[in-house]
Amino acid sequence: MEIRSSELGRQVGENVTVKGWLFNKRSSGPIAFFEIRDGFGWVSAVINKNDVSLTVWENAEKLTQESSLIVTGIVAKHPKKENVFELQVSDIQILQLAKDFPISKKEHGPDFLMDNRHLWLRSKSQWAILRVRDAIITAINGYLHDQGFIKVDSPIFTPNACEGTTTLFAVPYFDLGTAYLSQSGQLYIEAAIASVGRCYDFGPVFRAEKSKTKRHLTEFWMMDAEAAFVEHDQNLQIQEGLVRHVIRHCLTNCAQELVILERDVEKLKKADAPFVRYTYDEAIQKLAELGSDIKHGEDLGNDDEVLLTKNSDVPIFIEKWPKEIKPFYMKLDPANPNRALNDDLIATEGAGELIGGSQREEDVDVLIERMKHEGLNRADYEWYLDLRRYGAVPHSGFGIGLERAVRWITGVEHIRETIPFPRTISRLKP
Ligand code: 4AD
Ligand code: MG
């Protein structure tokens, strides 16, 4: 019977087959110990020379790290450890013998590992990160559907900018001139809410960011959510509900992964409590008290985000930013037209900005003024202005960067490990 590593405990005494790759191997006299990765986890297998045929023993001796194989044997309880199981092997079939797998047990530098990213994905930590990433995607999809959102995909080739013109990737586009890779699908899902009420997209977005930091990619995955008849306060509630749901989902479904990653789960548990809320003005004041040299009117740098959240167990919303440093589509605060009805959500433990969101400007004339001010070409946005001409309603939305979320939940230091094949200003391969 073919089984997965995760089912081993339920098959004690049974003769089973496991298919996978040789992760690790050691031997002691007539006994060889294999650790086999089958994709779902790891299986310990014991090969006793006295219990197997000569061919099987020769295969065991021949097998190298990352060779692919099929093993058959009886499932047994580990002689000493509780709740640990192993396979007492009777047969080994070699699918392919791997010669000199480049990633050994010794320490490798990050450049070497990134050059071998296609192979590095097989390590325990990368296995765990891929699974947490998937769990976060599942959690986001689940939460949003519970809240009445449906997925509406937005295009990647676009004629215009969503988040300012400085970080656009331009692509030649047949006879139509230049296309730009999408920075965020927000403007498109704003169109779709007049059809379906609440919707979201979830896909790759692109920023020609010159930033060489542990938090920036040039290609990353964003979930943009948008909802009709939702105003600023409710927008924040949806974001908080989403992030807390993601934490709980990962704690429940990724316990093994978080152990492999040595994540302090107590910190994640504590983050699942009501979030703190500062206005931008309050945040600047707090930062000054904490010793930052940030000036009013400036964007927060990474150091500021770390400083501000240092003593907080929960993520912090910074709301109502000066309109000059935020995009044209944000609605201005009726109580203070110099401020936008927006928010950045800053995660704990130095993870930085996780979400950017806002209520959207629904007045066509105000939008046109703001676009003029930002030097945007109005003709490119006529379709977007139509959304205000035909049935404008108060509406809000936000975007969460998937890799930022993965970085925070897994606790990995560098964002390049949070996406299978990272793209940064200095990396396009493999
Ligand atoms: O704050 P941003 O730029 O917001 C938008 O794009 C809005 N249109 C979203 C919306 O309202 N629908 O980006 C959203 C999030 C950030 O908070 C951050 O988590 C992530 O995307 N992000 C990046 N992640 C990795 N690398 C980069 N270069 C990123 N830039 C933004
Ligand atoms: Mg932002």
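This is a predicted model: local features need pLDDT of at least 70, side-chain atom pairs count only at pLDDT 80 or more; totals for chains, interfaces and linings use all residues.
Next, bring up the secondary structure around the ligand.

Now show the polar atoms and look at individual distances. For a contact with the backbone, select Leu217, where a polar backbone atom is 3.0 Å from a nitrogen atom of ligand 1. For side chains, turn to Tyr329, which has a polar side-chain atom 3.3 Å from a nitrogen atom of ligand 1, and then to Arg360, where an N or O atom in the side chain is 2.9 Å from an oxygen atom of the ligand. On its own, ligand 1 has 620 Å² of accessible area, and the protein covers 94% of that area.

Hide the ligand for the next stop, and ask what the space is that it leaves behind. The space taken by ligand 1 is the largest pocket, with a volume of about 1,200 Å³. The lining of the largest pocket is made by 46 residues, and those that lie nearest its centre are Glu163, Arg207, Asp299, Lys326 and Glu353. Two or more residues of the lining come from each of E11, helix H10 (302-309), strand E16 (342-347), E17, helix H11 (364-373), E18 and helix H13 (402-410). Here, too, E17 gives the most, with 5 residues of the lining. Coloured by kind, the lining divides into 14 nonpolar, 14 polar and 18 charged residues.

Two further stops concern the backbone. Most residues other than glycine have a negative phi, and most peptide bonds are trans. Select Glu262, in the loop between helix H7 (255-260) and helix H8 (265-271), where phi is positive, about 55°, although the residue is not a glycine. Finally, move to the segment after H13, where Pro430 has its place, and select Lys429 together with Pro430 to see that the peptide bond from Lys429 to Pro430 is cis, with omega near -5°.

Definitions and conventions
Residues are numbered from 1 along each chain as its sequence is written. Chains are lettered from A and ligands numbered from 1 in the order in which they are written. Side-chain values use heavy atoms; hydrogens and water are left out. A polar contact is a pair of N or O atoms within 3.5 Å; within protein, one must be able to donate a hydrogen and the other to accept it, and residues adjacent in sequence count only if both atoms are side-chain atoms. Accessible areas come from the Shrake-Rupley method with a 1.4 Å probe; for residues, only the protein chains shown count as cover. On a 1 Å grid over the protein atoms alone, a cavity is a set of points where a 1.4 Å probe fits but cannot get out, and a pocket is an open set with protein on both sides within 12 Å along at least five of seven lines; lining residues have an atom within 4 Å of a point. A molecule sits in a cavity or pocket if more than half of its atoms lie within 2 Å of its grid points. Grid points are joined across faces, edges and corners, and a volume is the space filled by probe spheres set on the points. Helices (H or I, at least four residues) and strands (E, at least two) are DSSP runs, numbered from the N terminus. Ala, Val, Leu, Ile, Met, Phe, Trp, Tyr, Cys and Pro count as nonpolar, Asp, Glu, Lys and Arg as charged, and the others, Gly among them, as polar.
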